[in-house]
Amino acid sequence: MNFLKKNIIFTIVAVITILGSLFLIYLDWTKHDAITEANTVTQESQAKFDAAFKSGNKPVDLNIKMIQDDTAELRKRTSALQRIFGKPYRKALLTFAASLKVTEDELYERMKKLFEADTGTAKRADALVPLLFAELEKEKKLPKDSIKNSQFMKFVSDVFQDTVEKADKNDLIGTGYDILGEALGLQRTMGLSQAHRYLIQMQSEIRSRGLIPGVNSLETVQNFTFNQYVQTFPSNEAVIDILNTMPIFEDIFRRMRNSHLDRVDDFKRLGPPTKLNGDKYLCYEFSANVVGTMDSIRKFLNNLLDAYKDNRVYVVTWISMTSEGSSAEVNQLRGQLFSNETTGNTPQGDEMAPSEEGRRRNPRRRRPPRRPPVAGQTSSGRMFRILTEEEAEALPDYGQVRIGKNLNVSAVLRFKYYKYVGDSLKK
């Protein structure tokens, strides 16, 4: 006992250590059974798995069919979603496919096989589309002389209802081949002179049909689209860019007109398209300065966002709005309010403003601090009289709108256009 009394700290530490050890022994004893049981269950499960694996158990045929059906459905829905991005001819293509009693995917697959086959023909629509029609005629999905059949001409007619592009009667079939080929993944191509004529014609039609609000000059239309090829032929690379981008320009301008904007002060594409997700998507970015009412600008934004219903996808990334008219109205109202200002009583005593002579005698003398404005007094010290309610109601223009009469606002917009090219046929 004397030892314990003389070594109190040691005794306390020893007791705490013993208690902690006992607690750990208790935990180990209680958890050991649970761990042992879990290990037993794990070993039994592993044994069952090994036995099933050795016995050669496989999914039943029904499971395999369900998996295959789910996979096919997922691919179908994925393709349908992807074809919303930049496929403006899809509605006409679906109608055309339905008239032939084939699916959209079947037409894509047929065109892909023809493109990849070594037929000795050029990989262009004017060569491959007739081969596609020949197959369909052979299978009696198209009547003879399919070039002039009503299904194909209906497709061409549906497409030309939604574009300002024109085709010569002698070249209507060839243009129809190009558009059908593009709808099925073929890159549309033209010779340099033909592409130059196409560009000039599209720009002229955009101007003459008034697709760009407030723009009546062909030069402005050219500046908004491609003005570098007005006098010169485009390069082969530029031809592809023109054919891909002019339909996008046209769609944007058409949505501007349908939104009843007042005018478009500026419009431009911000650089060439960029590739996304590898090379499966192209992203075009645009900037526009437009003027119109708040309702028209809101309608234009909604038209862009609802374009997915027409198999086009726009994403608005920036918008800022100003109203010069409202600023002018505020300034005008301020002038009317203070047009009858009267000079108030001049402060007396030490707060009297120094005279000019006094300032000359004592140039270092400071002006007295201004008092904060009070009711009926401006910050400059001038007085104005506040009308009573009866006097205000007696005015001839009482109740008229003072601020907000000018409903037009100017908006700066930035937005992107996405196009899916993952199903494009490439050499």
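Begin the tour by selecting Glu135, which counts as partly exposed at 30% relative accessibility (buried means under 20% relative accessible area, exposed over 50%, partly exposed in between, with a 1.4 Å probe and protein chains only). The model is predicted, so local features need pLDDT of at least 70 and side-chain atom pairs count only at pLDDT 80 or more, whereas totals for chains, interfaces and linings use all residues. Residues are numbered from 1 along each chain as its sequence is written, and side-chain values use heavy atoms, with hydrogens and water left out.

**Salt bridges**

Glu135 lies in helix H6 (residues 125–138) and Arg110 in helix H5, so the pair ties together parts that are 25 residues apart in sequence. Helices are DSSP runs of H or I with at least four residues, strands are runs of E with at least two, and both are numbered from the N terminus. Arg110 counts as buried, at 12% relative accessibility.

Next, select Asp310 and Arg255, a salt bridge whose closest N and O atoms are 3.2 Å apart. Asp310 lies in the loop between H12 and strand S4 (313–322) and Arg255 in helix H11, so this pair ties together parts 55 residues apart in sequence. Asp310 is partly exposed at 32% relative accessibility, and Arg255 is buried, with a relative accessible area of 9%.

Move on to Asp423 and Lys87, where the closest N and O atoms of the salt bridge are 3.1 Å apart. Asp423 lies in the segment after S7 and Lys87 in the loop between helix H3 (61–82) and H4, so the pair ties together parts that are 336 residues apart in sequence. Asp423 is buried at 17% relative accessible area, and Lys87 is buried at 11%. By this rule, the count comes to 24 salt bridges.

**Nonpolar cores**

Now select Met256 and Phe267, which touch the most other members of the largest nonpolar core, a group of 44 residues (buried Ala, Val, Leu, Ile, Met, Phe, Trp, Tyr and Cys residues joined through side-chain atoms within 4.5 Å). Among the elements that each supply at least two residues of this core are helix H9 (192–208), helix H11 (236–258), strand S1 (263–269) and strand S7 (408–420). H11 gives the most, with 10 residues.

Centre the view on Met256. Leaving aside neighbours within four places in sequence, Met256 is in contact with Pro213, Leu261, Val264, Phe267, Ala288, Val290 and Phe300 (contact means heavy atoms within 4.5 Å). A second, separate core of 31 residues includes Leu100, Val129, Phe152 and Tyr177.

**A buried loop residue**

Select Val102, in the loop between helix H4 (90–100) and helix H5 (104–116). Val102 is buried, with a relative accessible area of 9%. Not counting residues up to four places away in sequence, Val102 touches Ala97, Leu107 and Lys141. The C-alpha atoms of Val102 and Lys141 are separated by 8.4 Å, and the two are 39 residues apart along the chain.

**An exposed residue**

Finish at Ile25, in helix H2 (residues 8–55). Ile25 is exposed, with a relative accessible area of 55%.

Methods:
A salt bridge is a side-chain nitrogen of Lys or Arg within 4 Å of a carboxyl oxygen of Asp or Glu.
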